[in-house]
Amino acid sequence: MDGRRVADAAAEWALSKVGCAYSQAKRTERDFFDCSSLVARAYAAQGKRWFYGGSVPLSFQEVYDDDFELLWPEDYAGIGKAMGGWDVIERARERGDLQFLCTDSSTGRANKITHVTMVADRTTIVQARGKAYGVCTNSIDLYRGRVCAVSRYNPGCTLRTGM
């Protein structure tokens, strides 16, 4: 299956989980998800194997996966150095694209990533948002101003390490 079809199928899989419960403790169990397990399991269901962080990595690890093309910032060293707004969101509006976000300004993570969402269509994201919401859909610009990085599934991409 080519990259575009894998991304489309991953988005469809994630959308099929809308209404499921949010749980970090049960993130690998059937019908329970946290943000990173929703993304990881959606792509794994299409045969994708994760390079970093095991079979269900955390969001701050997923951003470095070799099968995803970094669309913003320019290189991996720039992740978390600035927060992107609408202009960055515009770069990643294809189904299956990922938004890596800083939703907790007190995080000690160097790359500032505390949350990840997947683009469901040009105007909508699907995410495991939290205990009060579970897996849900929201406007693609919900996290405008808090974007650390955006990426697209593209196994043939050239990595931009900045080194």
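Predicted model: local features only at pLDDT ≥ 70, side-chain atom pairs only at ≥ 80, totals over all residues.
Trainee: Thanks! How many helices and strands does the protein chain have?
Mentor: There are four helices and eight strands. Helices (H or I, at least four residues) and strands (E, at least two) are DSSP runs, numbered from the N terminus. Along the sequence the pattern reads α-β-β-α-α-β-α-β-β-β-β-β.

Trainee: What share of the residues is buried?
Mentor: Of the 163 residues, 50% count as buried. Buried means under 20% relative accessible area, exposed over 50%, and partly exposed in between (1.4 Å probe, protein chains only).

Trainee: How much accessible surface is there?
Mentor: About 7,600 Å², with 48% of that belonging to carbon and sulfur atoms. Accessible areas come from the Shrake-Rupley method with a 1.4 Å probe, and for residues only the protein chains shown count as cover.

Trainee: Switching to charges: how many side chains are positive and how many negative?
Mentor: The count is 22 positive and 20 negative, and the centres of the two sets lie 4 Å apart. Lys and Arg count as positive and Asp and Glu as negative, while His and the chain ends are not counted. The place of a charge is NZ of Lys, CZ of Arg, CG of Asp or CD of Glu.

Trainee: How many salt bridges does the structure hold?
Mentor: Twelve. A salt bridge here is a side-chain nitrogen of Lys or Arg within 4 Å of a carboxyl oxygen of Asp or Glu.

Trainee: Which residues are linked in a network of them?
Mentor: R4, D8, E94, D97 and R152. Within that group, R152 forms a salt bridge with E94, where the closest N and O atoms are 3.6 Å apart. That pair links distant parts of the chain, with R152 in strand β8 (residues 147-153) and E94 in the loop between α4 (86-89) and β4 (98-101), 58 residues apart.

Trainee: And what is the N to O distance for D97 and R152?
Mentor: Their closest N and O atoms are 2.8 Å apart. D97 lies in the loop between α4 and β4 and R152 in strand β8, so the pair ties together parts 55 residues apart in sequence.

Trainee: Are those three residues buried or partly exposed?
Mentor: R152 is buried at 17% relative accessible area, and D97 is buried at 0%. E94 is partly exposed, at 32%.

Trainee: Let's move to R27. Where does R27 lie?
Mentor: In the loop between β1 (21-22) and β2 (32-33). R27 is buried, with a relative accessible area of 13%, and its side chain meets that of D34 in a salt bridge (2.8 Å, N to O). D34 is buried too.

Trainee: What else does R27 touch?
Mentor: Leaving out residues up to four places away in sequence, the residues R27 touches include F32, F33, S36, S37, R41 and V56.

Trainee: Some of those are in α2, I think. Why is helix α2 described as largely enclosed?
Mentor: Because nine of the ten residues of α2 (residues 35-44) are buried. Among them are S36, S37 and R41.

Trainee: Last one: what is going on in the loop between β7 and β8?
Mentor: D141 sits there, with β7 spanning 135-139, and D141 is partly exposed at 21% relative accessible area. D141 touches W86 and I89, not counting residues up to four places away in sequence. R146 is in the loop between β7 and β8 as well, partly exposed at 33%.

Key
Residues numbered from 1 in each chain as written. Heavy atoms only, no water. Contact = heavy atoms within 4.5 Å.
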